[in-house]
Amino acid sequence: MLDQFTIATKGGVVLWSKGYTDISGNPVDSLIRDVLIQNTRTSSTKYHSGAYSVQWAFANELNVIFVAVYQKILQLPYLEELLRLVKRHFVARFAQEIKELIDPECAEFPSFDAFDDEFEQVWRAVEERYQKERKEMKSVPRKFEDTKKFQSTAKGAKLELEELAQAGEMEIGRKQPSKMRTWNERKKDGEEGGKKKGAKNKKGKENRVWEGKMSKEAMQALDFSGKKDGSESDGARVAALVDENSKGVRTKDGVYEVADVAERSSDFQLLGDEEAEQDTPKGIFGMFKSLTSGRVLSKDILSEPMARMREHLVNKNVATDIADEICQTVAQSLIGVRVGGLQNIRKLIEQSMETALTRILTPISSTDIIRDIDHANSSGRPYTMAFVGVNGVGKSTNLSKVCYWLLQNNKRVLIAACDTFRSGAVEQLRVHVRNLRALSENQSVEIFERGYGKDSAGIARDAISFGTSNGFDVVLIDTAGRMQDNEPLMRALSKLVSVNSPDKILFVGEALVGNEAVDQLQKFNQAMRDFSGQSRPRQIDGIILTKFDTIDDRVGAALSMTYITGQPIVFVGTGQTYTDLRKMNVGQVIRALLR
Amino acid sequence: MADGMESTGMSGLVLGGLVLLALGLAGWYLLQQQSAAISKKSLAIASGSSSISHGSSSKQPKVVITGLMNTGKTALWCHLRFSQTSVKSAAPMTQTSMALNIAEAFINETRALLVDVPGHQKFHFDRTTQLAQARAVVFVVDSAQMAKNVRETAEGLYEVLANEHVQEQEVPVLVVCNKQDDPLALANTRIQVLLEDEIDRLRGSRQAGLDSVQDTANDDAAAEERTRDFLGFEGKRFAFEDVVSPVQFNEATMVVGHDAGGLEQIERWIADALQN
């Protein structure tokens with residue numbers, strides 16, 4: 001059933017582990033490498049690696065992680081329960097030892113072998129309970145009345161009709177509230193006993209009385225029109241509440257957007273104090289206790305500051321979904337953490353947020369393109385880069401900037417004009433090439449063009465083979481701008497990529513873009529996946545963030561783009577001239593985001 | 001007369017009030033310190049955050065253990081940390097780290113703060129902050145996977161050696177060629193040559209890199225940084241002797257449940273580095 005169960009610290013020291021079979025590969029390591037460190041997919045606690053499924057749980061207060069590994073083909077619905085229980089037992093039994101492990105004075109690795117028996121017990125208990133539940137479920141077969149077949153029998157049909165009739169009457173009652181009201185009014189106007197008498201005397205009427213009674217309930221439960229009339233004040237109150245909340249937020253954002261720092265910090269300060277007061281037991285000793293021992297962060301305490309943090313990120317132009325996800329991850333990593341009574345929750349959140357953002361923005365692949373070029377050239381072929389993106393983001397402009405930078409480093413560059421779609425695109429590149437030639441002494445830049453209306457994939461292929469035979473170091477492929485929803489053009493792009501398989505596919509995106517960034521990147525990646533027809537389709541390898549000089553501190557697009565693709569921002573475009581190409585500065589972006 | 005009495009009484013009262021206030025303030029301050037300490041500790045436990053040691057600690061005997069993923073950093077950290085006990089085989093198994101390991105230990109009677117930085121690329125940022133306070137750096141290398149990982153390894157080692165603090169303080173660097181028990185393992189002299197070749201190529205391409213966004217304002221500083229970035233001497237093949245920091249290569253094995261090979265030399269090196 002279970003193949004392996006591991007309990008380890010986040011630092012990577014395995015405290016206790018039990019393997020039931022030999023495991024091929026290392027699913028736990030790949031879980032940590034691919035999911036947990038990269039802060040992705042926090043909603044599900046399931047991960048597939050090779051032939052295995054992995055489920056995990058955290059004990060944040062002790063910095064410990066619990067991982068269960070099992071065969072992917074198995075369904076083990078009780079695993080969540082098992083993880084929860086094992087976590088509880090282990091933490092209860094070894095809290096002291098784990099704390100000692102962090103303690104610098106501890107010189108000996110404590111033994112956790114004693115957990116073997118307890119784990120077996122817990123596992124057996126959980127499994128037995130699950131088996132029992134399953135058996136119970138199995139031993140009681142479905143009643144015939146519940147089946148669909150029953151409905152087709154005469155009895156079933158009759159019952160169903162009755163049900164329908166009841167529902168229909170209720171429906172009628174709902175649809176004619178005025179009539180009902182008159183009936184009720186008449187009842188109320190008339191004698192109280194008359195109702196009973198009428199009910200007794202006329203059996204046929206009984207239904208209607210009952211039904212009238214029902215309609216009252218129905219009015220409360222189902223009747224939307226009635227509700228509208230009856231609970232208008234309720235609705236008004238709710239609306240007022242909502243208004244109050246949003247009003248507060250809105251004024252803050254609307255008015256103080258520039259002075260956001262002071263605003264926000266004072267908010268958090270207040271909030272922290274409030275919470276300290278809330279948690280403080282009465283009496284001076286209680287106060288001292290709460291001040292010194294601190295308190296444990298829970299979801300409730302975190303929810304409001306996290307909401308503010310999310311708002312702040314969205315204001316910095318981070319896409320909404322991504323701000324949500326990041327805040328969720330950070331909140332999850334903080335639940336269970338103990339804070340000192342006087343320590344500001346805001347500061348704690350900001351620290352963890354900074355760490356999380358740094359992680360996201362730190363590239364996992366090298367951005368040293370010159371080195372990659374040398375590597376490719378050493379095997380006798382030019383290094384190819386394709387520039388893709390939507391219309392008007394600056395593909396050609398930044399291509400020429402990259403070209404200038406490469407020329408400065410004495411590379412021979414060939415530009416392939418594969419934008420065969422927009423008129424003037426080839427001429428634009430020709431002008432760039434002329435300028436670049438004038439600027440650089442050795443004049444080692446050329447343009448490869450085949451006019452308009454041709455297949456861009458073919459032109460790129462010809463350009464690469466031309467580059468190879470003529471000893472060029474780099475081939476830069478300029479593609480036509482295309483909206484991410486334009487299927488024919490996306491197909492053409494996918495063809496270009498799969499035919500030529502460039503060394504780097506650079507997505508050119510504006511720093512001005514907000515929520516749209518997510519859509520663009522996802523659709524570009526999806527198109528390359530869906531239309532490629534290859535078993536291992538290429539994806540975007542890097543991002544060029546353009547118009548970075550126009551956004552001041554609203555740098556959220558940088559975060560959104562790296563978060564979605566997991567790929568680094570290779571270049572940043574910061575102006576109109578050839579020299580306005582920069583490297584990303586992670587520290588600066590994070591400062592701008594959290595300011 | 002009565003007036004005088006009253007005024008002295010009043011002043012006494014005021015004085016008493018002041019004393020009380022002062023006491024209260026002192027108490028408050030102490031409390032604040034304490035709670036801050038608690039929260040710092042809990043934060044350290046919770047996130048292994050690098051922010052704990054921002055404060056006063058350039059004098060700390062910090063030893064940074066770094067290197068690529070899956071080379072044996074955490075294992076080395078455990079061996080060093082629990083080496084005082086007579087049973088060395090008690091060092092635990094390890095897996096991929098997702099947080100920093102920080103612990104104090106006495107190595108050959110020298111106090112050391114051992115920091116194990118995870119090898120995943122996402123932790124490069126933490127490595128930079130840790131290196132800024134390092135007194136010694138241990139760079140762990142997988143000797144068996146060297147041929148495959150030489151590019152990444154060289155990149156990592158380059159970043160350590162080109163680090164501003166490492167260059168300024170001439171922080172000693174020990175390259176531990178781990179996993180010598182593997183039949184495919186290369187000898188440390190071979191690894192040294194491989195890394196020198198790779199860094200020789202690397203330093204050229206690093207020079208050609210672009211400035212980062214902020215550097216526009218002060219071009220001089222950027223240029224200065226760039227010259228510092230260049231390791232060794234221009235026009236001469238890169239060699240580890242040319243680096244300002246003393247670099248040494250050692251062989252080692254960290255096997256769970258066995259005595260670690262080469263550990264004594266590493267310990268001696270760390271103790272020497274911290275005493276200087």
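Which residues does Leu334(A) touch, not counting residues up to four places away in sequence?

## Leu334 in chain A

Leu334(A) touches Leu297(A), Leu302(A), Leu348(A) and Ser352(A), leaving aside residues up to four places away in sequence. Contact here requires C-beta atoms, placed from the backbone, to lie within 7 Å. The residue is part of helix α14 (residues 320-334) of chain A. Helices (H or I, at least four residues) and strands (E, at least two) are DSSP runs, numbered from the N terminus.

Leu334(A) counts as buried because 26 other C-beta atoms lie within 10 Å. The cut-off for buried is 20 or more other C-beta atoms within 10 Å of the residue's own, for exposed 12 or fewer, with partly exposed in between. Val296(A) is 38 residues away along the chain, and its C-alpha atom is 9.4 Å from that of Leu334(A).

## Model and chain A overall

This is a predicted model, in which local features need pLDDT of at least 70 and side-chain atom pairs count only at pLDDT 80 or more, while totals for chains, interfaces and linings use all residues. Residues are numbered from 1 along each chain as its sequence is written, and chains are lettered from A and ligands numbered from 1 in the order in which they are written.

Chain A contains 23 helices and 15 strands. Buried residues make up 36% of its 595 residues. Of the contacts in chain A with a separation of 6 or more, 74% join residues 24 or more positions apart.

## Helices α21 and α22 of chain A

Helix α21 (residues 516-530) and helix α22 (residues 556-565) of chain A pack at an angle of about 30 degrees, and their axes are 9 Å apart. Axes are lines fitted to C-alpha atoms, for helices over the stretch in contact, and angles run from 0 to 180 degrees between N-to-C directions.

On the α21(A) side, the contact includes Ala517(A), Leu521(A) and Asn525(A); on the α22(A) side, it includes Ala557(A), Met561(A) and Ile564(A).

## Thr96 in chain B

Thr96(B) sits in the loop between α2 (73-81) and β2 (101-107) of chain B. It is buried because it has 21 C-beta neighbours inside 10 Å.

Not counting residues up to four places away in sequence, Thr96(B) touches Gly12(A), Asp29(A), Ile32(A), Arg33(A) and Met69(B). Met69(B) is 27 residues from Thr96(B) along the chain, with 7.4 Å between their C-alpha atoms.

Definitions and conventions. Contact = placed C-beta atoms within 7 Å.
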